[in-house]
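Student: Hi! Could you walk me through a structure I have not seen before?
Tutor: Happy to, let's open the structure and chat.

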Amino acid sequence: MPAQPPPPAAVPRRRWQNCFSPTLVRDRCYTRCFHSAGLRRAAVPLQDGAVVHLWLPPAATTGAAPLHPVLLLHGFGASATWQWAPFLRPLLAADLAPYVPDLIFFGASSSPAADRSPAYQAACIATAMLALPLAPQRYAVVGVSYGGFVAYHLAHAFPAAVERLVLVAAGVCLEDADLAAGLFAVEDIAEAASLLLPQRPEDLRRLVGLTFCRPPRFMPSCFIRVMCTDNVKEKTELLYALINGRKLSDLPKISQQTLIIWGEQDQVFPLELGLWLKRHLGDTSELVIVKNAGHAINREKPAELCRLIRNYIIDPTVKYREDRKGSWKNVIKRFAGSSLRKVDSSRPLL
């Protein structure tokens, strides 16, 4: 049998192709936004070998006590710079001091540990904050999507550190069984992983279509190479640890005042989950429904989201007008009549 020819050598990507990648250019712009806003990088090694990279506010270097320290936790599909760059200057102008970490296996943060749970993520972030020489003893926490899961665990495990909480499109009330029940756009964890970690242009287009109420017309395929190819195995394991065997009955209650923000057209974590979370937390929480927004509420409504976060942290006693909360009757009526979302009747919306 004749010898098979060797496979063709991989052609190295030309330098100019990387330089002119729209995604890479935007990534560098977001990093410059952090620098120009006065934030600086820090790397905090932990005892188990993990390293948490985070951005520190100007107050952390000057020694001045910040009026409103806030910890910003990004979602699954982004690093800290991509998620929070548009929010820095408005938050700083309102005397908020943002601490912005990369969660483990995102950005430059890493860990040799086998634990993939959001509780481990929360412990790493809390330990890193405690290790900072000028870090505040108490701070508000804002978590978007997956970052909201971590924020919830942080509030439960470290109540002395977390003063109040803002959860943005964070489906912490989801159950493993909800996937098969048709509550989501995917049927199992494997499909969820392929959707949230797109490796093909068609997967990326599907993800964008689900996360945006009005999807952008153009999404460069280089986004996959720049943002979706690092730590794919570890991030897939994070998803399994997040969803597998999850039950609402196991979700602890937290004592902190909590603002829940949800896009009315969210197709990743449907609004039912926000209603369940409001019911689970009771009088210590408030739910604000943002109209004409999907799961990517931070991209579609950045000014409104920033205003909600800023106002709540500065004065959490402020009550929002009913038109900002959305019409509860219409929301419940829409979900009650839906034939696509057959969910456990023991989990009422309110």
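Student: What should I know before I start?
Tutor: This is a predicted model, where local features need pLDDT of at least 70, side-chain atom pairs count only at pLDDT 80 or more, and totals for chains, interfaces and linings use all residues. Residues are numbered from 1 along each chain as its sequence is written, and side-chain values use heavy atoms, with hydrogens and water left out.

Student: How many helices and strands does the protein have?
Tutor: There are 17 helices and 8 strands. Helices (H or I, at least four residues) and strands (E, at least two) are DSSP runs, numbered from the N terminus.

Student: And what share of the residues count as buried?
Tutor: Of the 350 residues, 51% do. Buried means under 20% relative accessible area, exposed over 50%, and partly exposed in between (1.4 Å probe, protein chains only).

Student: Okay, aromatics. How many aromatic pairs are there?
Tutor: The structure holds 8. Rings of Phe, Tyr and Trp (its six-membered ring) pair if their centres lie within 6.5 Å; planes under 30 degrees apart count as stacked, over 60 as edge-to-face and the rest as tilted.

Student: Why is the pair of F76 and F106 called edge-to-face?
Tutor: Their planes are at 80 degrees, with the ring centres 5.4 Å apart, so the pair is edge-to-face. F76 sits in the loop between β3 (68-73) and α4 (80-84), and F106 in the loop between β4 (96-101) and α6 (118-131), so this pair links distant parts of the chain, 30 residues apart.

Student: Are those two buried or exposed?
Tutor: Both F76 and F106 are buried. F76 also forms an edge-to-face pair with Y146, at 5.5 Å centre to centre and 90 degrees between the planes.

Student: Where does Y146 lie?
Tutor: Y146 is in helix α7 (residues 146-157) and F76 is in the loop between β3 and α4, so their pair ties together parts 70 residues apart in sequence. Y146 counts as buried because its relative accessibility is 2%. F76, F106 and Y146 form one aromatic cluster.

Student: Switching topic: which residues have the most contacts inside the largest nonpolar core?
Tutor: L71 and V141, in a core of 73 residues. A nonpolar core is a set of buried Ala, Val, Leu, Ile, Met, Phe, Trp, Tyr and Cys residues joined through side-chain atoms within 4.5 Å.

Student: What does L71 touch?
Tutor: Leaving out residues up to four places away in sequence, its contacts (heavy atoms within 4.5 Å) include Y99, I125, V141 and L154. There is also a second, separate core of 36 residues, with L72, A80, F87 and C306 among them.

Student: Last one: where is G143 found?
Tutor: G143 is in strand β5 (residues 139-144), and counts as buried because its relative accessibility is 0%. The C-alpha atoms of G143 and L73 are separated by 4.7 Å, although the two residues are 70 apart along the chain.

Student: And what about S145, where is that found?
Tutor: S145 is in the loop between β5 and α7. At 12% relative accessibility, S145 counts as buried. Setting aside neighbours within four places in sequence, the contacts of S145 include G75, F269 and H295.
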